Amino acid sequence: MKLVIVAGPPAEGKTSVIKRIVSNLKSEMKIAFLKIDVVKAYEDDELKKEFGIITKKIYSGDLCPDHAGVMVMGDAIKWAEDNNTDLFIVESAGLCLRCAPYLNHGLGIVVLSSISGIHAPEKMGAIVSLADVAVVTKIDLISQAEREVFIQKIKDLHPHITLMETNALQGTLLKRLYDLIRQSPEIVNDDLVLKGNPPLGTCTICVGKKEIGWQHHFGVVKKLDGQIADYLYRGE
Amino acid sequence: MIHNITILPGTNKTGKAENFDSLTLQAGETISIVGPTGSGKTALITDIELLAQGDTSTKRYILINDKAPDDEVRYDPTQKPIAMITQNTKCFADLSTKEFLKIHARARGISGADVISQTIDLANVFTGEKISSASKVTTLSGGQTRSLLIADAILIGASPIILLDEIENAGIFKKDVIDMINGKGKIIVFVTHDPVIALSTQKRLILENGGVKKVLEQNEGELHAANELLEIDRRIGIIRDHLRAGNIITRDLANLHAISTFH
């Protein structure tokens with residue numbers, strides 16, 4: 001089975017890119033889709049209705065959605081394989097930008113809108129730097145010069161990423177992406193790990209203490225200024 | 001060297017094949033694309049800009065020197081032989097004009113210390129209100145943005161093929177732009193609703209319902225009509241200048257057959 005993990009901030013066009021992938025590859029492979037989100041998601045219903053593929057969604061609720069993704073990915077891959085899937089597409093919630101959901105196998109795709117701001121790619125860290133492919137969407141909304149400035153900015157930061165531009169509503173120029181997916185090797189199930197390191201998540205905020213200020217917290221804490229090492233972990 | 005580009009037909013909005021076999025533009029040729037709004041004019045120049053290979057919604061193919069372009073030519077802006085001026089009147093990048101042009105020059109592989117200031121100077125020839133190099137591109141007016149993008153396309157895009165989308169709407173000095181671009185051996189494609197521009201080009205494509213309906217060649221009579229229209233256009237320009245300067249428009253001034261100059 002091939003695996004594609006699509007990440008990126010909300011409203012950049014992840015689902016539109018996925019719809020183009022499904023629409024173009026569904027005649028040659030059986031596709032399954034998983035959406036990970038926090039409180040509400042409609043993408044699974046949309047894709048099922050529009051293309052008749054099997055879909056699933058998971059709400060992370062109070063848990064970080066990328067942590068939730070790690071938790072459920074084993075089961076999800078088994079579910080897709082039990083359904084004889086050839087291509088499994090996972091869409092992440094894309095909320096916080098501290099880590100990236102890509103695995104050491106399969107294809108990691110980050111979707112970035114060309115109107116998201118010129119500094120957006122450098123603020124996104126791992127979600128861009130660990131991706132195999134960056135798809136820049138909404139290119140019909142900006143000038144050629146600005147598109148090229150945006151692309152140059154991503155290239156400066158990540159010289160080896162495969163860059164492509166599209167108007168995802170029409171699927172412009174995405175043939176290259178379909179070919180990359182066709183050529184991507186099958187995943188090896190007992191060798192799957194996250195590509196990047198997830199951030200530490202063991203602090204008292206994680207478990208529900210809401211007081212403001214590091215003085216009120218234990219575990220991983222951080223001051224605004226000064227020596228963070230002294231306080232990086234504070235036991236009771 | 002670009003000797004020509006060729007457009008191979010795709011399909012219109014209803015999936016019907018377009019009404020031409022293939023269309024080749026030679027270096028130095030000008031062409032206009034006309035048709036009602038929504039007829040697919042912008043989609044056609046976008047196909048040229050993206051060097052479509054059946055992978056856009058129209059399914060057209062664009063050839064350069066009779067061959068499909070290599071991937072590098074399609075995806076690497078330093079190799080792209082095409083500069084396009086779209087209808088965008090807004091930049092979203094949080095950069096100063098100077099920074100914006102610097103990054104674009106790097107993207108296009110253009111060096112030379114003066115190119116940035118030359119581009120701003122040229123933009124200021126086209127626009128009424130001057131642009132400073134420190135202005136954020138996000139704060140430029142619609143006309144300033146288009147002037148800057150046109151100057152950028154000429155000096156930093158510096159391409160043998162130039163695509164212009166409704167340049168007449170820019171509220172800038174149209175004639176200056178056309179004179180600047182014309183006669184340099186470039187292929188120039190105008191999307192336009194302006195009769196002067198449409199009649200001034202050697203070829204004319206008529207679009208309808210997302211597809212090319214007709215291809216026309218310029219003839220003697222039309223060239224004559226274009227020159228007459230150009231004179232009317234010049235006089236309307238004079239009235240516009242008077243209006244902008246806050247002058248009262250007299251009956252004499254408004255008489256397009258009378259001789260008058262702006263002073």
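**Entry 1: the sheet of chain A**

I started with chain A, where seven strands make an open sheet in the order E3-E2-E4-E1-E5-E6-E7, paired in parallel. For my own record, strands pair if DSSP finds at least two bridges between them. Helices (H or I, at least four residues) and strands (E, at least two) are DSSP runs numbered from the N terminus.

Which strands stand at the edges? They are E3 (54–59) and E7 (162–165) of chain A; each has a single partner strand, so one side of each lacks a neighbour in the sheet. From one strand to the next I noted an average twist of 20°.

A note on what I am looking at: this is a predicted model, in which local features need pLDDT of at least 70 and side-chain atom pairs count only at pLDDT 80 or more, while totals for chains, interfaces and linings use all residues. Residues are numbered from 1 along each chain as its sequence is written, and chains are lettered from A and ligands numbered from 1 in the order in which they are written.

**Entry 2**

I then went to strand E6 (residues 133–137) of chain A, which runs parallel to E7(A) and is joined to it by four bridges. Val133(A) has Thr162(A) of E7(A) as its bridge partner.

Helix H6 (residues 144–157) of chain A lies across E6 and E7 of chain A, at about 165° to E7(A). Axes here are lines fitted to C-alpha atoms, for helices over the stretch in contact, and angles run from 0 to 180 degrees between N-to-C directions. Contact between two residues means that their C-beta atoms, placed from the backbone, lie within 7 Å.

Helix H7 (residues 175–183) of chain A lies across strands E1 (2–7), E4 (87–91), E5 (107–113), E6 and E7 of chain A, and runs at about 155° to E6(A).

**Entry 3: chain A overall**

I looked up the totals: chain A has seven helices and nine strands. Of its 236 residues, 40% are buried. Buried means 20 or more other C-beta atoms within 10 Å of the residue's own, exposed means 12 or fewer, and partly exposed is in between, with C-beta atoms placed from the backbone. Among contacts in chain A with a separation of 6 or more, 69% come from residues 24 or more positions apart.

**Entry 4: two loop residues of chain A**

Is Val193(A) buried or exposed? Val193(A) counts as exposed, because it has 9 C-beta neighbours inside 10 Å. I found Val193(A) in the loop between H7 and strand E8 (219–220) of chain A. Leaving out residues up to four places away in sequence, Val193(A) touches Leu103(A) and Asn104(A).

Leu173(A) sits in the loop between E7 and H7 of chain A. Leu173(A) is buried, with 22 other C-beta atoms within 10 Å. Its phi is near 65°, a positive value in a residue other than glycine. I jotted this down because most residues other than glycine have a negative phi.

**Entry 5: where chain A meets chain B**

I turned to the contact between the chains, which takes 19 residues from chain A and 23 residues from chain B. On the chain B side, strand E5 (82–85), helix H3 (97–107) and helix H5 (142–157) each supply at least two residues. H3(B) gives the most, with five residues. By class, the chain B side has 12 nonpolar, five polar and six charged residues. Ala, Val, Leu, Ile, Met, Phe, Trp, Tyr, Cys and Pro count as nonpolar, Asp, Glu, Lys and Arg as charged, and the others, Gly among them, as polar.

How do H6(A) and H3(B) meet, and at what angle do they cross? Their axes come within 9 Å and cross at roughly 75°. H6(A) is therefore roughly perpendicular to H3(B), a term for angles of 65 to 115 degrees. Residues making this contact include Glu148(A) and Gln152(A) of H6(A), and Phe100(B) and His104(B) of H3(B).

**Entry 6: a look into chain B**

Strand E1 (residues 4–8) of chain B pairs with E4(B) in the antiparallel sense over four bridges. Leu8(B) stands opposite Tyr61(B) in E4(B).

My last stop was Asn209(B), which has a positive phi of about 55° although it is not a glycine. Asn209(B) is in the loop between strands E8 (203–208) and E9 (211–217) of chain B.

Technical notes. Parallel < 35°, antiparallel > 145°, perpendicular 65-115°, else oblique.
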